[in-house]
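Colleague: I have a new model to learn from. Can we go through it together, one question at a time?

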Amino acid sequence: MQEVFSSPFFGIGLSIAAFWIGNLIRKKTGLVICNPLVVALVLVCGVLLIFKIPYEAYSEGGEIINMFLAPATACLAVSIYTKAELLKKNWLPVTVGATCGSLASMGSVYLLCRLFRMDEAMTVSLIPKSVTTPIAVSIAEGQGGMVPITMVAVIFTGILGSIFAPLMIRLFRVKDPMTAGVAIGACSHAVGTSRALELGETEGAMSGLAIGVCGVLTVLFSLILL
């Protein structure tokens, strides 16, 4: 049995099965809180704890899945390409919106870290929380941050964005799909973009674009802020 758990296919299979179950639960219940990623995290943790499986054994397959993060993010360019004309007509508001989103995210984290007197390493680790994982990890590593903390912050931010973004859109009566998409992508990266794609093609395309723009801006702003 130990040989099965130590195989990379165990981690891959468990991750896929947990996410599939999470997606099924969300569709059946219709509850916003039943986010597939949240359910998958709970299920995976439960399996590891119940069967006393070392995390290192699970991570053998998890690391392989992590390799696809960057290519999966790049695939969002397909949806952006389908809305190229819309982007050309609205490049200025998209750029300004992404800039404001990046500044708000990084600025709020920086001020809160200073308010609660967190050390430099923790501040660096939390600042890139709203950009996609590959970019956030690169920023944290380059500035002496703690990568595990950064990854947890990125995942947590994405989950919150995917859960609350549709509610906030309805609350503030955002009617323009382009505005909604840029906002989701700027605050909750790829996890939020997967939810934006469910809202509509335009929302998904603009959210995917915001990921790239905010990623570049966050790198530039981090050089000034840190």
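Colleague: Is Val32 buried, partly exposed or exposed?

Modeller: First, a caution: this is a predicted model, where local features need pLDDT of at least 70, side-chain atom pairs count only at pLDDT 80 or more, and totals for chains, interfaces and linings use all residues. Residues are numbered from 1 along each chain as its sequence is written, and side-chain values use heavy atoms, without hydrogens and water. Buried means under 20% relative accessible area, exposed over 50%, and partly exposed in between (1.4 Å probe, protein chains only). Val32 has a relative accessible area of 35%, so Val32 is partly exposed.

Colleague: Where is Val32 found?

Modeller: Helices are DSSP runs (H or I, at least four residues), numbered from the N terminus. Val32 is found in the loop between helix H2 (8-29) and helix H3 (36-50).

Colleague: How many helices and strands are in the protein?

Modeller: Strands are DSSP runs too (E, at least two residues). From the N terminus on, the elements run α-α-α-α-α-α-α-α-α-α-α-α-α. The count is 13 helices and 0 strands.

Colleague: Which residues of H8 are buried, and what covers them?

Modeller: The buried residues of H8 are Val94, Ala98, Ser102, Ser105, Met106, Val109 and Cys113. An α-helix has 3.6 residues a turn, so residues three or four places apart point the same way. Contact means heavy atoms within 4.5 Å. The cover includes helix H7 (84-89), helix H9 (120-126), helix H12 (177-199) and helix H13 (201-225).

Colleague: Which residue just after H8 takes a positive phi?

Modeller: Look just past the end of H8. The phi there is about 55°, and the residue is Arg117.

Colleague: Is Ser207 buried or exposed?

Modeller: Ser207 has its place in helix H13. Leaving out residues up to four places away in sequence, Ser207 touches Gly181, Val182, Ile184, Gly185, Thr193 and Ala196. Its relative accessible area is 0%, so Ser207 is buried.

Colleague: How much of the protein counts as buried?

Modeller: The protein has 226 residues. The share that counts as buried is 40%.
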